Every structure is written in C-alpha cells, then in structure tokens.
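Please work through the exercises below with the sequence and the model side by side. Each task is followed by a solution in steps.

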Amino acid sequence: MSDTKKFTYYPGCSSLGSGAHLDRSIRAIAPKLGVELEELEDWNCCGASVGHIEGGQLANTSLSGRNLAHAQQQGPQDIVTGCAACYLNTHGAAEKIKSDVKLRENVNEALGAAGLKYDEDRRVRHVCEVIVNEVGLDKVREAVTNPLDGLKVAGYVGCQTVRPFAETEGGGEYDTFDDPQFLDDFIEACGAEAVEYDVKTACCGGSVSVMKPEKTLHLIKKILDAAVEADADVIATPCPLCQTNVEMYQDAINKKFGTDFNIPVVFYSQIMAVAFGMDGKKDAALDQNIIKATKLEAAAK
Amino acid sequence: MTDRKPGVYICKGCGIGEAVDTGALEALASGDLKVPVGKQHDFLCGAEGVATIEKDVADGLVNQPIIAACSQRVMTDQFNFDGAQTVRANLREWVAWAMPAGEEDTQMAAADQVRMGVAQASKMDVPEARVEEGLNTRILVVGGGSTGLNAALEAAATGHDVLLIEKTGKLGGWGAQWSKRMPHRPPYRDPQDNNVSSLIEAVQGNSAITVMTDTTVAETDGMPGRFNVKLANGSGEKQETVGAIVVATGWRPYDATKLGHLGYGASPDVVTGVELEGMLANGGVKRKSDGAVPRTVAFALCAGSRDPEHLPYCSSVCCGSSIKQALQIVEADPEAMVYIIFQELRTPGTAEEFYRQAQEAGVIFMKGKVKSVGADLTVTVDDELLGQEIPMTGLDMVVLATGRVPKATDPDKPAAEGGEEQLANDINPVAPIARAGEAEIATPAWSEAVPEGGPILNLQYRQGPHLPMLADGFADSHFICFPYETRRTGIYTCGPVRRPMDMAESAEDAAGAVLKAVQAIRSAQGGMSLHPRVGDLSFPKFGLDICTKCRRCTVECPFGAIDENEEGFPELNATRCRRCGTCMGACPVRTISFDNYNVQMVSEMISAVEIPDEFSEKYRILILACENDAAPALDMAGINRHSLNAEIRLIPVRCLGSVNMLWISDAFQRGYDGAMLMGCRSGDDYQCHFVKGSGIAEERMANVGQTLQSLMLEEGRVRSVEVSIADSAKVGKMIDEFVEEIRGYGMNPFKGF
Amino acid sequence: MANQGPKSQTILVVGGGIAGVTAAIEAAETGYDVILLERGPALGGRVAQLNRYFPKLCHPTCGLEINFQRIRKLKNLRVVTMASVAGVKGEKGDYTVSVSVSPRYVNANCTACGACAEATDMEVDSPFNYGLSKTKAAYLPHEHAFPMRYVVAPSAIGTPEADKIKAACKYDAVDLEDKGEDFEVNCGAVIWATGWEPYDPEKLESYNYNLSADIVSNVQMERLANHDGPTGGKIVRPSNGEPVKKVAMIQCAGSRDLNHLPYCSRICCLGSLKHAVYVREQYEDAQVDIYYIDLRAHDKLEAFYQRVAADPQVNFVKSKPASIRIDEEGRPVLCGENTITRELYEAPYDLVVLATGMKPAASEGYVPDIAMEQDEYGFLVPSVEGDGGIIPAGVASGPLDVSMSVQSATAAALKAIQAVGPKS
Amino acid sequence: MTVALPEQATRKYDLGFARWVRDNVNGGAKMSMCMQCGMCSGSCPIGTEMDQGPRKLFMMIRAGMKDEVFNSSTIWNCTSCYNCTVRCPRGVPVTYIIQDLAAKAVEFGYVKKVENARFAKAFWWSAKTFGRTDERLMTAKYYFSFGLVEGMKRGLANLKIAIGMVRTKRMHIGMPHKIKDTKGLQAILAKAAEIDARESKGGA
C-alpha cells in the first residue's frame, strides 16, 4: 500500500504478560489500517505509575529517556504504543524533556552512562490516537469484511488512554477527557452496536486494584453493572490494565457482592481483527481472554 | 389650539374589521361626535392609508388625526405627521385582540375608544417649549480626585468649559498619595503605574478648565442650564453660574479606631491598607515600631466591611488593592511571607487574573474570619479550610483592609436641618425576600443611619439640601438600567460616592456622568425634558388666579422642581421638571395643566364614555393605567390574545402621581361602577421612574374613600393595584376579579344622572 | 486631514443589547445622528431574555420599554435589525462600514397581526427560550419585541409551509425572495457593543448537561421563570413537568477555570441568588443549595446576598462540584467535596442550574482590526495606539452586570461624540 | 535524593515546608495556584479512602503540617485516573504532586510498610533487574513482602486468577523477560541516582 505509515512500536511490558492479546491483535490489524509497526529496539519498562516511588523522578524519567534515545537511533518515525500506562509515561516524559532544559540535561547525562543520547523531540502517540488522526474511521470501515451485526459492545475507555493528554495539543486533541467518542466510533465502524455506556471513563482502580483490590472492587462493579444494564454482550477497552482488572476480579466481586458477573472484556483491537475477517485465535487472540467472548468467537472466521 | 380640525381614521386591519363594525364607528364619528373627517381603511398603516391621512393634513382638512387602530406603542413613525398632533385610540390590542368578536359589548368598547380619542383631542394643544434666559454651558465638577479629574477632562474634551473645585489644597485625592494601581488592561496581571499625576498635569494645562482648590459649595440654587452655585473658600464666597453639576467627592476610609478587636491601636504595626499604601509610595514598607522591613505580613480583609456592626456592604476594591499591596511586598522581597485572610475572595471579571498572579508569586490565601489581633500581632483566624482555629504568630505586620465610606455628605460640615427623608429611600438592606407560604415576614428594623456631616451641594430645594442617597449612604441611582437616573435633574454623581469602585471604573463612570451633564445642558437650551420623557416640550402651567397656596404641588414634586415664591405661590424651575404630572395630580383645584395633558382632558375622556342605563346590566369600570408598565402589559395581554373584560374603559396616564382624585369622583358621578388605578411597585423598593407616583396615588386614594361615602358608595369600588410590565398574563385576571367584586356591590345608582 | 475635521459625524453602534441600545440613545439624545445595528430580529439582547434583575427583582422589560419609547421619539436614531458588520475601513471621522443584513422574510408592511403564524404548523426551536420550547416557523420574537415585527425561520424557506405563511398575510409583508442586503455606512465613530454568549454547558464534560433535561443553564432558568417562557413562569422539572423540591445551583460553571473561561463572569453569583428567590417564591417546601467557590456579591449587592441567605431553605456549600451523574430515577446527582466539612457528597436534585459564564460574542464574530485590541479571552480593549474612533462598550469590553454595562455604554457615547467633534 | 526536608514548623503557616514542596516535588511549583475549590477531592474515584483528599492536603502543606501530610493516607490511594488533573480549574497537576509526595514519604522514611511502598519496591526491583516488569515475579515479590504467611494467603486468594492467566498464556512460566542491555540500563539508573544526590546537595 502506497500510503502506509511507519511507526516505531513500543509494546510495553504487559505485552509479554497480561496484555499479550492486545499486542497480538494490534500487530494483526495494523497492516489493514496502513500502519507499519517496527518494534522499538531493546525497549525497557516505562516506570508505570509507581516507578518514581522507589527509583526517584529522574531515574524514572530516564527509563523513558532510554526508550526515546533508542527510538531516535531507529529512525525519524513517531513512537506509538497501545498501552495506556506506557503512553502516559513515555508521552509525559517526552513532553517534560521538551519543556525543561535542566531535565533534558540530566536525563542525557544519565543516558550517557550507557552511551546513549536523546537530543530531539520525538512524538509519542497512542494507537487509538493514530487511528483517529492518521488512519481515519473511513479506512477502518473499508477494512471491515465481517461486520459484527447484532453484537452489543460497551465501550469502556478507562482513564489514561484519554487523561491527561487527549485534549492537549501534544496529545493530538483527538478526543475528550470525560466523554470520548472514539471507542464507540471504532465499535460502530466494525458494524457492532455501541451501547449507551455512561461509565466509559470511570476508573477501574488502576494499580490500587492490583495492590489493594478490597478498596476498589466497587469501582469495577460499577463498570460491570452499567454493562449489564446496557445489555452488552462484551466490554471493549483499549487499556491492558483495565482489561485485566475488569476481567479477573469478576469472581471476587461476585463473592463480595453476591452478583453473578461473567462478562467478557476484550480489546477494541480484537474486535477489529474479527471484523476485518481475520483469524479469531491467531490474529484476534480471543483464546487469551479468561472469560470467553463467545459471541465474538462465533463471529470470527 | 385655536383651530382644531380633528379627523377620525379607523383601521379595519389586524382583525379589527372582523371584531367590530367599523362602519358604525365611522358613523359615530361623523354623526354624534360631529367630527368633520371620518374615514376607514383596510390597512391604515400601509402606504396608501398613511397617504390618505397625509393628504388630509396637507390639505388643511385635519390637524388632529385620531388614529383608531393599534396601540400608541406601535407604528409611531407611520402615524406621525408634520404639522399635526396625533391622537391614538387603541382598537386593536385593547379591543379587537382582547374581546370577543362581533359582540355588542366589544362594539361598545370600540365606540368608547373613539369617543375618548375625540374627547382627548378636544383638550390637547401642541406644547411650545419654555426656554429659560441666561443659560450657561459650563460644567461644575465637585471633587478633584481621580474621578473628578477625569470628569473635568472629559467635559473639556466635549467642548465645555469646566469649573473644578477641590476641598483640599491639592488635586489628586487618594490617588495622588499612592504608588501603583490595580491593572485594568491586559494581561491584567501586574500593578500598573499610577496615572494621577499626569491627570493633574492635563487638567492644569487645559485652558477650558478652571481649578479652585480649598473650595467647597456653600449653596446651590437654580436649575439645569442655570445653576447658581455659591462657592466658599478660606477668603470668602463667590457666586458662579454653571449648566450642570458632576459630583465626584469620592470616599474616605472607614474609621479604623472602631476596629479595636482587629488590633488597631494596640500595636503600631497594625496598619490600615491606606497607611500601607502611603508607605509603598514613600520609600517602602517599614514597621512603625522599629523601622524594620517586615518579612511576614498578614492582610485581614473585610476589616469593617460586610459587617453589620460596621459597614454592611462589600467595599469591592479591598480584595484587589490588598492583592496589589501583597504583590508589591513580595516583589521587593521574594522571601517575604505574605498572607491574605479572606472570607470570600472577590476579584470579579478579569481581576481573577490578578488573584492568580498573586498565587503564583507565592502569596498565601486563607479563608476564614479574623477573630482577633493581639498587641503582639498574633492573628487568630477561624481557618475554615483546615477546620481549626489557628493562632498565627511571628508576624511583623498586620494590614487591615478597611472599607470605603462614600462622601455623599461632607463630614467636616455641620449636619443640615431637614431633608432626612431624602436619605435612604431605598430597598431596606435587611428586608426579607418574599417566600411561598409566608404571607408577610416581619422586616427587622434597619437603623437608617443618616451619614454624618452636612450636604455637599447644600441644595436650596423644597425637598432638602442633600443629594438623595440610598440605604448605605451612596448617592446612586435607584435603577439598574439607568445608573444616572438622578432625582436632582442636572446633577450627576460618579465614582466611589456612587458605588464602591476602583480608579479604572471611576474614570469610565466620570465619562458617563459627563455625558448626562452634556444632555442636561442641551435639553435646557431646547426647553426639553430629560429622561425618561426625553424631549417632551410640555411643562406644568399654574393658574395662579385660583391657586390656594396649599403647597401640595411643591411638596409632592419628586424632583424638587417647584419652589414657593415669597407670596407662597408655586414657582417652577422648568428645567428641573421631568413632566410626570405629579403636581397636576396633587392640585385640589385642578389649576395645574400641561398643554397636551391636563385635568380637563382626562375628565372629558371619562365623560365621553357612554354609560348604559341601570337596566342594561352593563357595568363600566374606569382603569387609569401607568403608561410605562401597566399600559404595555395590557398591550401585551392583547398581543397574546388574553381576554380583557369588555366593560372596562382604559386611559393611559403619564404616572399615577398625575392622577387627580377629582377624576375618580367625576367618574362615579357620571355613573361608572368602579375605578382601578394601575401603577408600578411603590414603597422603598419602588419601581416608579417618577419616584413615588404610585405611592402618592395610594395615599390620595385614602381620601377618595370619604368622597365615595358621601356619595353612599362602597369604598371597595376603587382600587389601586400594582401592575408590572411583566404582568401581561395576569392583568386580565386582576381586572376580572375586580369586576366580579363590583358586581357584588351592584350598579352605581348614579347612572343616568 | 489634521485641520479638516471629521467627514462624518454619524455614530454607528454595533449591537442592540442593553449596552448598544443605551449607547445609541444616549448619543442620539445629544443631537448626533446615530445608526444602531442589531444582528437579531429585535432589540434588547440578552436582557430581554431575563426574567428579572438582581437585586431589585424588577423586570428588564420595564427599562427596555422606556428605552424603546426614547427611540420612538428620536428621529436622528435609525435602527437596523438582522444586521451585522462585515468590514470596517478608514479612521476616526471617516469610517466606511460594510453592513450585511440577513433576510427576515418579513418587510416593513408587517403589522404583527399574527395571521402568518396561525397559517403554519411548522415549528422550530425557540431561540428566545434557548431551545426549551418550540415556536411557529413564522414568529414574533417575543411579546415585547421592538420592532414589533414577525420573522420567518430560514428553515421554512423553500418548503410549502413558506407558501402558506405568505398566503396568510393580507398586507404583502411576507417576502420569501428576501435575500437580505449589503450596504455601506459612512460614520465618524463606531461603538462596539456586541455583548456576550452563554458559555456552552456541553463543554463542561463532567456535568453531563446532555444527559438530563433537568440540568439547565442559568440563562435557561431565566426563561423557565419568565411568564413569557416555556412554562408560563412555573419552575418545574423540564423532564416531566413536575414541581421541584430540591434545586442546586452550580457556580463557576465554566468561569474561573483555566480549562474554560479563565476570568470570573461577575454576574453568576448574583444570578443564582436571584434564581434561589425564583424557586422559593414558588415553593414553600423547596430547598436550594448553592455550590460556590467564592460568593462574589460585590459592593451593595452584598445586601442581596444576605437577604437571600436569611432564608433557612437556601444553603450555601463551598464546593466546586466535580461531576453530575444520573441516578436510577433519572435525577441528576451532584458529586463532590464540601471543602468546609471535608465531606464527600452525592446529592440528588430535581433541578440543577449551571451558572454558566459570559463569553464575549466578539470572540467569535467579526472584530475590526483597526484601533481595537482583543485580550486573550476575546474582550475588547481600546487600542493604546488607536485614534479612539472605535469604542468598546458593555460586555464586549469585559464581564459586567447590567448596571455596569449601561455605565460603560454611557461613557462610550461620550467618547463617540468626542470622536466626531462638536456638532456642525 | 532530594533536598533535605525542613523541620516541622513551630508555627502554623510557616512557609518553609510549602516552599520545599514548591521546589522539590514534581508539579509542586503549580501548587500555589490551588484555590481550594474541591474539584480534585470530589473527582477522586476512591476519595473515600483518603483522610484529607488532595485539596485539604495542599492547604496543610501551606500551613506547614509536614508530618501530617506525609503520614496521610491520601498520598497512597491515588489510582492515577487523572480526573483531578484534567479538571483542576487552576491547572494544578494534582496527580503528579500526590504521587511524588508518596515517593518523598518513602525517601524520608515516613513509611515502610504500606502496600504501595512494598509494591513500588517490587516493581522497581523488576524494572531495574530485568529492564522490564515481570508481572509474575513482581507480584510474588510484592505478596511475600508481607511475610511468608501473608504472602501465601494473598497468593492463594488470587490463585484462580493466576491459573487463568497461565492458561491463556498471559502469564508465562520460565525465565523472566529481560532486555538485552541490562548493564547499560543499570548504569543509567545509577547515574540518575548520582545526579539526584549531587543536585540535592547543591540545592541544600
């Protein structure tokens, strides 16, 4: 395809674990959307939301600095990631380094210890933002060969995919903080129905859910309740931590609140893969969902 | 008018033709009413209809076209003819759109509208202006602070000579003693240079402006266009004539010695904002106690303001000026710890930017009331955000942001005798607001403290020497939409004497007041009324031959326009007059009249209505409606096609104050069954642009009761009601209820007499 | 040019709200020729849509009535409605202003008889009621409109309804071919009084304005309380017409917020106090909670604040609500932190009023680039280098209340007559 | 390493601590813009888990209440949802400040045993050792930081989840994922720590 656009792809640590199916499905759909992903050389952890606590701010920023330095070596193309936390940290670090001369100096001094340097301003983007701003919905629609008629999807965006950058210039101004439309647009473009879902940017508890789930189960319950109320077949999200939290705590919630949730939670990219007529396992990675998305599996070729 | 040539023009359009028999109306005009010209037209306001009237006027057939069509509030341009005096009879909004089509009662109402129009014309003359002699175009500005300096410059720039007087020996007022001012231009973030010295220079260099310092006004007499002002300075008194007066006497700080609980007096390092400003302007802030530069400073806002024990109002500028001072301190010493302790931080508009600037500079804002300030400068704050009482120790200085007291009186002059009633004629600041289910909540007493001191202008008016002022002592307009609507025509206040305001707003206010002064001078030259009856050339004429010197007109004039001469007869200061007709309404012998509005005219209109006999079961109710609120509300009732009772007969009046009670007794003697006065809200919170028209009418009505009793009629047959302009949906029901009550009394037995 | 004096002494006023109307009348009453342009079909602007003014609780139409009477008497004041400015050229004393008049489809023959409205069933959103109700496609702007003349909605043009509307008019007042007109005005000074627009409540994302009809803006609340409004003045839940028992006002809905309007809009605190009065006048058992950051009742308006606060059923919560969600019964629920008590609340209401701020209309419309500066919010300030021939007035120059707007407009009138020089 | 903390102030509203926060905490320079509206605290999804909430915490910082701030539960319950940050009408990066206060609390020894500190330790261990987060090892390290018994308990509670993860190949068994140049990465992190230490001395 002549209008293929190349990106340096930063999969992030979850791609090797809990978010493996996000990574797999993104890699699968990218060519269909005219996106070429070249994996970032020897990428490291972004620091997530806790790295600074033990490591300190500079060390934490230097983690991103190392990735940015590698991207700089790798070519002029923008960095793209599918992970919300990776996006948050890497994008945030790049923006900070851009505006803070002192920080840039310090990060480079640290990078120097490994013979690296970062002396430019690299744009760090989220896959969803790239689909909205670069690919365009029309192209998504064109790629659909297996429209998911009748599938009801609750589009759950979560936090960090849109906050705090979606409305900023650096973040591509691709959607809003509280009521983003892009995910519903993706779902509808795939021929499925995006149900009314007003908790789309409610918080799943993030890393607190990992550490102290007893404090946040009620948050996840709200997300599930709304999906049930909207009669959704499946919840779709772009965020690996959201996917894992909302999926894996359903048992614990059922135990604590006496409910009987068993709702599949998938990535938008898995839905796209199915709608694009790709393989349900190999491409859509539906086999990696703990709660099986049976309707989606049935629709998959 | 020597040669009246009335002509009745009846419009059939807009449903009038369908609602009433216009042919019969035409016949009535040319028949019983003997009007020489009577015509009807399908579309009277259209080009052809207007041309018909124009031609009759041009041909000399008609000089009083009586337009029996729509309301006097519409199609005014179309029905305005050179060389003719137009009379409007409202067949549309008040008859065709409000009463059932084709019915006898509707037809009778329409016929009476025509009758009243013809009667009105028979007593109307074209007013001729009364232009006074010896008019002057100079503008007197009282007060040489920044507001007054701006006013003087604005007036001079508009081509007027200016006399600027200042009580002290120096121009510039507070502003001249200050360092910087609050920002008023983008980016609204930094204190700006004080421009008062350049204002002083500009004034002193302007040949059109005469400056007199050490001067006050001893007495003010005369009227717009010709005020005679006696000026006093150390050496004596001097008489000057000016066309209009702008009062910019400004403010003084609230007396900090009354703020003992805030430590004032207990420590020399508790200072007022004004004192701090002086330090900032003169070499920087230093402690009075030891001359050291303070490094920790707390500002206590609302020191005396928003406090029922002191100043009940918000002085508006203290938040901004304290922020400015805090910024100046921090600028001089970035390590200084500066606290602003507020209850509500009020930086309205773009001043919010200034607040942010101070936050950015590290000034700490604390919400809470300062409970006490000790002699050791310990400030005890009820810290609302931490939820605890905090003693703040280690302070080097405490600044009290004292409020501003308007100088609507001169504290250095002795209090004048009389005139208290002109003070605080305003909404009671503690009056409860109406709530559903609570019929009447008792109003706590409001101690209307008459501001100390004597009158600024010492007006030699029947209504007292003071500038009228509102409850808090500000010499401001009573009206939101007309901030320069003065009760003393030709005299306009501006700046902090009118409302607490900063220098930028005061400068603008000065320009506004000067504009009104310019208009006052111009109107005086043309013999025209000022706001709200702008351009009206009529004025009250007094038939002194039958005047009983009862003085009601001089007392009741809301604008103090009428003096009593040495013999006790009323003497009009024509350019003070606002043409409301309150004097006319007051006169027991009906001897005050306007050329185009007089007791006889309305009497004739009342008499023109045909009163059906007592067997007809048709009642007649007279409604006299204020033309600013009630009459438009009745129009809008028609526009909305709300129904109006067909037994009412409506006459718009300039103001209920102009309603002469003899009209009411006339009406009953003629056989009307009831009478209703519709005016605007009265009382402290009055709505009347002639100040107290509806209030006066209500008082006068009390006496009508006696008249009715003497006629053996029930007092309830007369009622005065408040109708606001927004009552279009209600006014019809108010009338219906009244008519129902009248029906309860039965018909007036005087019918047919 | 120096000694020639102005070529034109006409004063042009752009904007027919309270500031523009005031500026035009005040200037005309000094004898100068004045042209007043209004973009909409009637004069009065935003204040015509208000129910009452604070603190007197009097009706704006009262003052407008006086002003309209003044206009009727002024032969030297010409009012042009449906008119906006497309360009300004020249300098003080000699401006050429391009005026563009959009079609009203109703000409000066109109008597306001209303036959056109009766003839059609087509309805459009009522602009006067901020979309809270519908109006006929041929409509009188409102009962107090000046000029008292109908308008045909552009959406009706080209439909059979338009033909019905035209056929109903006996006075040949409906002109479906109206294309508007463009003309030029030569004038010596321009007063720019283009006023404000309510900040779009949809932009306050977490308040979910779109999710409930029971979340209204403060300007809509004015219509709800107005006898000429969608409910005849009865304050009810727009969703179901039921009476309100618990009402919340949210201050600074958009104002004092770097994400929205960075400045304080000045009027909203007082406006909400007034709205509390509207509610309490109608309902004995209603409770009103006002959520605020700082209650800004400046100068003498403090007394109004205290008078409203004396009502035990009006409460003040120092808090900027974080979000509004909709509960199972469809009621809006305010969520946030009470900053005095540190309590986190989730409080359901029957009606929530967003005290949205004032956004300068000039920030969107045409602004002459000569002699005019805009601050970063879009308010107009006289240019330091300018010749003083173009003068901002009213809310176009900053967030002001009505009284201050009139004050500003009166001052602007003086500046304008100074700019064109002594009457020749 | 950060510039040394000032002593707890003896008088309320001594600005020593506030200025330390301004100069040393990520986002702290913007904290002065807070106008105490409550938007942040009200926006927090688990605000009920916080004793003070960010708004009041900021006021306490101004009041110099250092120990109360660092001992506050507020700094340990941030979910990083960023609602407060994007909604703050004054542009205060609330999330950054709260998160960095947590880091400072660890640095200055206020807390050792809260979950977050343990979790952060486990996380950083993985990041530093392998260059990547190995969810399995990190989680185990976190659980067992509570001690053997508690670690077993926590592990067992989530056993079903772990089994699901393993079965769906979202948790691997075997050698941890590692970057190639762990040495380089560790050198970078060591250097960063060195710079921090140097700067805190310079600033002190």
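**Exercise 1. State what share of chain B is buried, and describe its make-up.**

Solution. Of the 753 residues in chain B, 58% count as buried, a residue being buried if 20 or more other C-beta atoms, placed from the backbone, lie within 10 Å of its own. This is a predicted model, in which local features need pLDDT of at least 70 and side-chain atom pairs count only at pLDDT 80 or more, while totals for chains, interfaces and linings use all residues. Residues are numbered from 1 along each chain as its sequence is written, and chains are lettered from A in the order in which they are written, with ligands numbered from 1 likewise. Next, the secondary structure of chain B comprises 18 helices and 33 strands, which are DSSP runs (helices H or I, at least four residues; strands E, at least two) numbered from the N terminus.

**Exercise 2. Describe how chain B meets chain C.**

Solution. Begin with the counts: 76 residues of chain B are in contact with 71 residues of chain C, where contact requires C-beta atoms, placed from the backbone, within 7 Å. Among the elements giving two or more residues to this side of chain B are α6 (146-157) and α15 (630-639), but α11(B) gives the most, with nine residues. Finally, sorted by class, the side of chain B that touches chain C has 39 nonpolar, 21 polar and 16 charged residues; Ala, Val, Leu, Ile, Met, Phe, Trp, Tyr, Cys and Pro count as nonpolar, Asp, Glu, Lys and Arg as charged, and the others, including Gly, as polar.

Technical notes:
A residue is buried if 20 or more other C-beta atoms lie within 10 Å of its own, exposed if 12 or fewer, and partly exposed in between; C-beta atoms are placed from the backbone. Two residues are in contact if their C-beta atoms, placed from the backbone, lie within 7 Å.
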